[in-house]
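Open the structure in a viewer and keep the sequence panel beside it. The stops below say what to select next and what is there.

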Amino acid sequence: MSLHFERVGTGPPLLLVHGLGANMRTWDLVLPALRGTRELILVDLPGHGRSMPLAGRQTVVAYADALASFVESQGLVTADLAGSSVGGRLVLELARRGIGRHCVALDPGGFWRGLEIRWFHWTLAASIRLVRLLRPLHPMLSRHVFTRTLLLAQLSARPWLLSPDLVLGELRSLADTRVFDATLHELARGPLQEGTSRTPGRITIGWGRGDHLLLPPQAERAQAAFPRARLHWFGRCGHFPHWDQPAETARVILETVG
């Protein structure tokens, strides 16, 4: 299948992969710091943004296969990789398969245990139901600090600082993603993320110390699964470092990819 994508900037290629319910625009805050020295390939995952859904089950393996085919078709087999949340898990999976070069995974999924899985599933399912219910009110809710904070406290440590335009775009993307429920179901019931000690290049795993969705103890499990990885903690940061700490996120990416 073909995935919708954009190329911006100049320099060695860097593929950016967003998380569940988002689209390529989630990276907008870090683009100015990256595009001057890198050609950025921003892609919409299957069923997200302007990409068509996959046929069949919406599993991590199916998404990784689709990304691997995209990487090959675009001549990006040795490109650097960066991903957030589910996108972070997917770039780690590509690295595990020997695809790509250096890799940055921000708060990647798949390293949960026991009640952490239920917490991830139930709280995210409840949040998406609320976002869909409030869809007609998104423009108004995104303009006010109090409602931005209420709606995005699960994902951001400082949602009141996010711009209304970013919040509106993210809320609409979450509400409009047709494969959200099916993908969430597969994530919660599917296998954990496999690791490896052999990857094509350097790996950095970044984690927000205030991540209320994928709790911080999962970071050390991720590093144990990829023992060559460097673990970077983002202070005053929730599930999305590229929202809460965009300058630091861009710096970590550029330091990793050299």
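In the residue classes used here, Ala, Val, Leu, Ile, Met, Phe, Trp, Tyr, Cys and Pro count as nonpolar, Asp, Glu, Lys and Arg as charged, and the others, Gly among them, as polar. The model is predicted: local features need pLDDT of at least 70, side-chain atom pairs count only at pLDDT 80 or more, and totals for chains, interfaces and linings use all residues. Residues are numbered from 1 along each chain as its sequence is written, and side-chain values use heavy atoms, with hydrogens and water left out.

**Stop 1: the cavity**

On a 1 Å grid over the protein atoms alone, a cavity is a set of points where a 1.4 Å probe fits but cannot get out, while a pocket is an open set with protein on both sides within 12 Å along at least five of seven lines; lining residues have an atom within 4 Å of a point. Grid points are joined across faces, edges and corners, and a volume is the space filled by probe spheres set on the points.

The structure holds one cavity of 30 Å³ or more. The largest cavity has a volume of about 270 Å³. Select Leu20, Leu124, Leu155, Leu174 and Phe240, which are the closest to its centre of the 28 residues that line it. Two or more lining residues come from each of α3, α4 (115–133), α6 (145–152), α7 (164–176) and α8; helices (H or I, at least four residues) and strands (E, at least two) are DSSP runs, numbered from the N terminus. With five residues, α4 gives the most to this lining. By class, the lining of the largest cavity has 19 nonpolar, seven polar and two charged residues.

**Stop 2**

The largest pocket holds about 210 Å³ of space. Select Val60, Val61, Arg89, Pro191 and Leu192, the closest to its centre among the 15 residues that line it. At least two lining residues come from each of α2 (60–73), α3 (86–96) and α8 (180–189), and α3 gives the most, with three. The lining of the largest pocket divides into seven charged, five nonpolar and three polar residues.

**Stop 3: strand β2**

Select residues 13–17. Why is strand β2 largely enclosed by the rest of the structure? Four of its five residues are buried, where buried means under 20% relative accessible area, exposed over 50% and partly exposed in between (1.4 Å probe, protein chains only).

Strands pair if DSSP finds at least two bridges between them. β2 pairs with β3 (residues 39–43) in the parallel sense over five bridges, and four bridges join β2 to β4 (residues 80–84), also parallel. At Val17, the bridge partner in β3 is Val43 and the one in β4 is Gly83.

**Stop 4**

Thr199 is in the loop between α8 and β6 (203–208). With 12% relative accessibility, Thr199 counts as buried. A polar atom of the Thr199 side chain lies 3.0 Å from the backbone oxygen of Gly201. Leaving aside neighbours within four places in sequence, Thr199 is in contact (heavy atoms within 4.5 Å) with Ala95, Phe226 and Arg228.

Most residues other than glycine have a negative phi. Asp107, in the loop between β5 (103–106) and α4, has a positive phi near 45°. Arg236, in the loop between β7 (230–234) and α10 (241–244), has a positive phi near 50°.

Key. Polar contact = N/O pair within 3.5 Å; in protein donor to acceptor, adjacent residues only side chain to side chain.
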